[in-house]
Amino acid sequence: MSKLLSSIVLATIGWATSAGALAAKYGLQDPESPVAQEIYDLHTLILWICVVIFVLVFGVMFIAIFKHRKSVGHKAAHFHESTTVEIVWTIVPFIILMGMAYPATKTVIHMKDTTNPDLTIKATGYQWKWGYEFIKGEGSLAGVSDGITVYSSLATPMDQIYEKAPKSENYLLEVDNELVVPVGKKIRILTTAADVIHAFWVPAFGVKQDAIPGFIRDTWFKVDKPGIYRGQCAELCGKEHGFMPIVVRAVDEAEFKAWAEKNKPAATAAAEAPTQVAAAAATTATDASSGPVDGKATYDGLCAACH
């Protein structure tokens with residue numbers, strides 16, 4: 001019996017070692033936020049609890065089958081009920097479930113705590129791109145990026161999609177405009193959609209929240225270190241659902257402020273463009289009475305800020 005148990009333990013250790021070697025390729029992404037780390041730790045804890053239960057249950061079962069087989073002359077026992085056994089198999093699973101429920105509940109509560117953010121960004125899903133509107137910064141980020149709007153679309157060339165060119169390393173996970181955020185700051189994401197249901201999903205942050213037309217949902221993350229992190233729309237949203245990547249570039253606060261300063265004029269121009277167009281309408285009409293108007297120059301100077 002001891003040899004059989006030793007074999008089972010060794011086999012389990014060997015399997016666990018092999019699984020660990022493949023984890024980086026086939027397991028969860030490395031966590032890059034506090035919530036993602038909690039999810040990763042919870043996943044690992046539950047996995048090992050399941051492994052222990054599997055080994056114990058099937059170990060006892062196989063030992064019972066082997067030790068009490070008919071070929072060695074064992075006689076089957078005859079009994080109909082056992083109060084002790086029934087109490088044990090009720091209490092033990094209850095204790096196991098409570099032990100699993102506590103860390104799971106703690107993690108879920110932490111995931112849902114979007115209070116006191118350093119930066120609030122509204123992520124709007126479109127068919128088939130993302131729009132990011134920087135709503136409000138707090139503390140050292142107050143007013144830094146407020147009002148900036150960024151639209152992010154797939155940047156993978158069509159030649160790669162139609163297999164006319166070799167696929168790049170980040171095939172279907174590259175965009176023209178990344179979502180830039182500062183590291184070490186709590187980022188609150190408000191999700192909504194303009195047409196159908198989408199979902200904002202960045203695995204490395206432990207973030208996945210549906211974006212529903214007419215509703216505002218929220219989630220949050222705090223990036224631990226600078227880098228580029230990739231995600232996707234995780235809700236089937238039409239024929240180009242697979243072409244809605246999310247790319248987040250996390251930078252230090254100084255670099256974020258420089259980025260915001262560079263992009264804020266464009267946001268300001270976009271906000272002021274309707275007023276400029278309305279004010280220019282009378283001028284354009286007056287100019288038209290005296291001769292042809294340069295439509296391209298008018299478009300580049302006024303309309304292009306929004307369109």
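1. Lys185 sits in the loop that links strand E4 (179-182) to strand E5 (187-193); helices here are DSSP runs of H or I with at least four residues, strands are runs of E with at least two, and both are numbered from the N terminus. Lys185 counts as buried because its relative accessibility is 16%, where buried means under 20% relative accessible area, exposed over 50% and partly exposed in between, with a 1.4 Å probe and protein chains only. Leaving out residues up to four places away in sequence, Lys185 touches Asp118, Ser140, Leu141, Phe221, Lys222, Val223 and Glu253; contact means heavy atoms within 4.5 Å.

2. The model is predicted, so local features need pLDDT of at least 70 and side-chain atom pairs count only at pLDDT 80 or more, while totals for chains, interfaces and linings use all residues. Residues are numbered from 1 along each chain as its sequence is written, and side-chain values use heavy atoms, with hydrogens and water left out.

3. Phe221, one of the residues touched by Lys185, belongs to strand E8 (residues 217-221). With a relative accessibility of 1%, Phe221 counts as buried. Apart from neighbours within four places in sequence, Phe221 contacts Val181, Lys185, Lys186, Ile187, Ile189, Phe205 and Val207. Phe221 and Gly184 are separated by 37 residues in sequence and by 9.6 Å in space, taken C-alpha to C-alpha.

4. Strand E8 is part of an open sheet of 5 strands, ordered E3-E2-E1-E5-E8 with mixed pairing; two strands pair if DSSP finds at least two bridges between them. Strand E3 (149-152) and E8 are the edge strands, and each has a single partner strand, so one side of each has no neighbour in the sheet. From one strand to the next the twist averages 25°, with axes as lines fitted to C-alpha atoms (for helices, over the stretch in contact) and angles running from 0 to 180 degrees between N-to-C directions. In general, strands of a sheet pair through backbone hydrogen bonds, either parallel or antiparallel.

5. Tyr132 has Val150 of E3 as its bridge partner, and Gly131 stands opposite Tyr151 in E3. The faces of E3 can be told apart: Val150 and Ser152 form the covered face, whereas Thr149 and Tyr151 form the uncovered one.

6. A further open sheet is made of 5 strands in the order E4-E10-E9-E6-E7, again with mixed pairing. Its edges are E4 and strand E7 (207-211), each with a single partner strand, so one side of each lacks a neighbour in the sheet. The twist here averages 25° from one strand to the next.

7. E4 runs parallel to strand E10 (residues 245-251), and 4 bridges join them. Leu179 stands opposite Val248 in E10, and Pro182 stands opposite Val251 in E10. E4 is covered on both faces, with Leu179 and Val181 buried on one side and Val180 and Pro182 buried on the other. Val181 is also among the contacts of Phe221.

8. Helix H2 (residues 34-67) packs with helix H3 (residues 83-112) at an angle of about 165°, and their axes are 10 Å apart. H2 and H3 are therefore roughly antiparallel to each other; angles under 35 degrees count as roughly parallel, over 145 as roughly antiparallel, 65 to 115 as roughly perpendicular and the rest as oblique. The contact uses Pro34, Val35, Glu38, Ile39, Leu42, Leu45, Ile46, Ile49 and Ile53 of H2, together with Ile96, Met100, Pro103, Ala104, Lys106, Thr107, His110 and Met111 of H3. These contact residues divide into 13 nonpolar, 2 polar and 2 charged, where Ala, Val, Leu, Ile, Met, Phe, Trp, Tyr, Cys and Pro count as nonpolar, Asp, Glu, Lys and Arg as charged, and the others, Gly among them, as polar.

9. Gln160 lies in helix H4 (residues 158-161). Gln160 counts as buried at 10% relative accessibility. Not counting residues up to four places away in sequence, Gln160 touches Ala165, Pro166, Lys167, Ser168, Tyr171 and Glu174.

10. For the chain as a whole, the secondary structure comes to 6 helices and 10 strands. Of the 307 residues in the chain, 27% are buried. Among contacts in the chain with a separation of 6 or more, 64% are between residues 24 or more positions apart.
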